[in-house]
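Hello,

Here is the structure I promised to pass on. My notes on it follow below.

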Amino acid sequence: MPSDDEIVNILSLDGGGVRALSEVLMLDRIMKRIKEKQGLAEIPKPCDYFHLIGGIGTGGIAAILFGRLRMTTTEALTGYENIASEIFSTRKRRLEFSIDFREEKVEKGMKNIMKGRNDGNQMRDAKGDRSTGKSFVVARRSDGSLRRIRAYRHDQNQGIDFTIYEAARATAASIESSGDRYLADDTKDYKNPIREVLEEATEVLENTAKIGCVLSLGAGTRDIHNRYEPTKDGKERHTEKTDNDMRRRFANVPNTYFRLNVYDMADKVEANKSHEIPAVKSETERWLGTSAIRGVIDRIVDVLIKGTTSGVTVDKLTLDEINPKPKQEEETVESPTAHSVSHANTNPYQPTHNNNDMGSNDPTYRSEQAALWAQYSEYASALGPSSPQSLTLLHRIFEHMLTHKHLSCSLRVAEEAYKRCLARDGPSALTTCSHLGSIIKAQISLGEIFRAYDLHEELVGLFAKLLGPEHVVTRQAMETLEELRENKRKREWGMEQAMSIMRRHEAWVRGRPEAVLRAEVGDAGYEQRDRDYVNAVVVYAAVQVEDVCRARGGCKENGFREVDGKLGMHVSTSKDVEMEMGLVDDFS
């Protein structure tokens, strides 16, 4: 057991059929990077860096390879590919859904892997408990509950002696069928075992030991618009719910929890067919080659090599939120590391642009936008469109558009960022509130004062609920709401005056010919009354702002096709999004 002053690292491995090979590839890349940075002669073993390794399904088989058998990643790649080819062979497809048949193939594959090795056949390591590389697998019982089969001594499995083959068969039975991932209890995820792994850590590691790295490896995500799946209880569960919960748990503990999961691979690669193995390799290698993921891997490697820690101890791992910040310390509310919501202190008649404005076709503007979109595309592809990094890039794009009077497009981007954050974090998260603030800022710039006021009123209520009515952010938001209320009142007064002018003019005209009207008040009087009427119509209809998106044939006229394409919104339109958010009632 690690001592109090030792820093411990934890590894969790998802199930996912042949796609779990991706996890072995990711760990291989991490170990190779450690070899490069440390100048080692050979690639190190994961069991020498991770104190606890746990997995489920095919991820459980990988946990046995890395932990109980203490393989290098090179050995594990060969072994895992062989066993996955055996389990998910397309031969004898009539038996594909037979659990007994699949378990037999698991046992056969494990025996082939262990030929010529001197590791013993028992799951519990005959060499005794080790300080690093403790491994266990999660298996599902017939009633849906989960059990842990360990390669080390533990009070709950004293007297139960599994072979390695039996442990592999048991965890392989947890490979879920369609709609069978959660059953009725969504705290039990039969694909992502991170909750079980963290609970086990509190039982077998020294509770006062400090945490270095918690690494969770996934077998591929779905597209952001396809992340709900039906379950046996007739409900739907978000496929990344467990990861989202973990991100909230570790939100105040930087560089501790890491999740690597190839974006969009679950939509492209089937999990239960061995011929998909080359596709898993190519998708994973492409993803690992992006600059965003290279940066994340370097951060993981630095934690593993340097033994850095945020100071969190093992006993805190199962808390809903680790190191929650006192409310009065939260002086600002930021969208993923990006911006404060108190930006709504804005006169709606004077949009918040500087004078460095460029038209939508200005070469400098377009080149700057292209660079931002290219960076966003890389992050979205590597980490997913709703990742904090991707949403931060969307905010930078939003601000750039707003600065250069690309107002309608800026609102479009703000709406999409809000929608993604809403799906990821829920309506009551501070990050979601911050993106709602961006929508308000864009609406104010467009002169849409009534919509902005209604949304900001909702925002004040959320801040009061989340932070308390006396929090500095809530107070600032309330002050802004008062300013917006005053501007709304002025706007209403202006509209009333405009309506009065329009009615007087229409009552004066009463359908009479222009010649009669000119004879009555003279040419100068007629021209003045006509100008007053036209101005009143303009004032009543809308506050006029300079918006390059509204130019004839511009972004708005073209239905935002260009920006929607870059956002990856090939189905929904901006109108669909606005209607979903309740920003408008009808576009007919």
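Strand E1 (residues 7–13) and strand E5 (residues 210–217) run parallel and are joined by 7 bridges. Helices (H or I, at least four residues) and strands (E, at least two) are DSSP runs, numbered from the N terminus. Two strands pair if DSSP finds at least two bridges between them. Leu 11 has Leu 215 in E5 as its bridge partner.

Before you go further: this is a predicted model, where local features need pLDDT of at least 70 and side-chain atom pairs count only at pLDDT 80 or more, while totals for chains, interfaces and linings use all residues. Residues are numbered from 1 along each chain as its sequence is written, and side-chain values use heavy atoms, with hydrogens and water left out.

The sheet. E1 and E5 belong to an open sheet of 6 strands, in the order E4-E3-E2-E1-E5-E8, with mixed pairing. Its edges are E4 and strand E8 (257–260), each of which pairs on one side only. The twist averages 20 degrees from one strand to the next. Angles run from 0 to 180 degrees between N-to-C directions, and axes are lines fitted to C-alpha atoms, for helices over the stretch in contact.

Strand E3 (residues 134–140) and E4 are antiparallel, with 5 bridges between them. Arg 140 sits opposite Leu 146 in E4. The E3–E4 hairpin has 5 residues between its strands, and there Gly 144 takes a positive phi near 95 degrees. Is E4 enclosed or open? It is largely enclosed by the rest of the structure, because 4 of the 5 residues in E4 (residues 146–150) are buried. Buried means under 20% relative accessible area, with a 1.4 Å probe and protein chains only. Helix H5 (residues 164–172) lies across strand E2 (52–56), E3 and E4, at about 45 degrees to E3.

A helix pair. Helix H15 (residues 449–467) packs against helix H16 (residues 472–509) at about 160 degrees, with the axes 9 Å apart. That makes H15 roughly antiparallel to H16 (angles over 145 degrees count as such). Their crossing is left-handed, meaning that the near helix is turned anticlockwise from the far one by less than a right angle.

The whole protein. It has 19 helices and 8 strands. Of its 588 residues, 52% are buried. Among contacts (heavy atoms within 4.5 Å) between residues at least 6 apart in sequence, 76% join residues at least 24 apart. The protein exposes about 26200 Å², with carbon and sulfur atoms supplying 48% of that.

Best wishes

Key: Buried < 20%, exposed > 50% of the residue type's maximum accessible area, 1.4 Å probe, protein only. Areas by Shrake-Rupley, 256 points an atom, 1.4 Å probe, with all protein chains shown as cover. Parallel < 35°, antiparallel > 145°, perpendicular 65-115°, else oblique.
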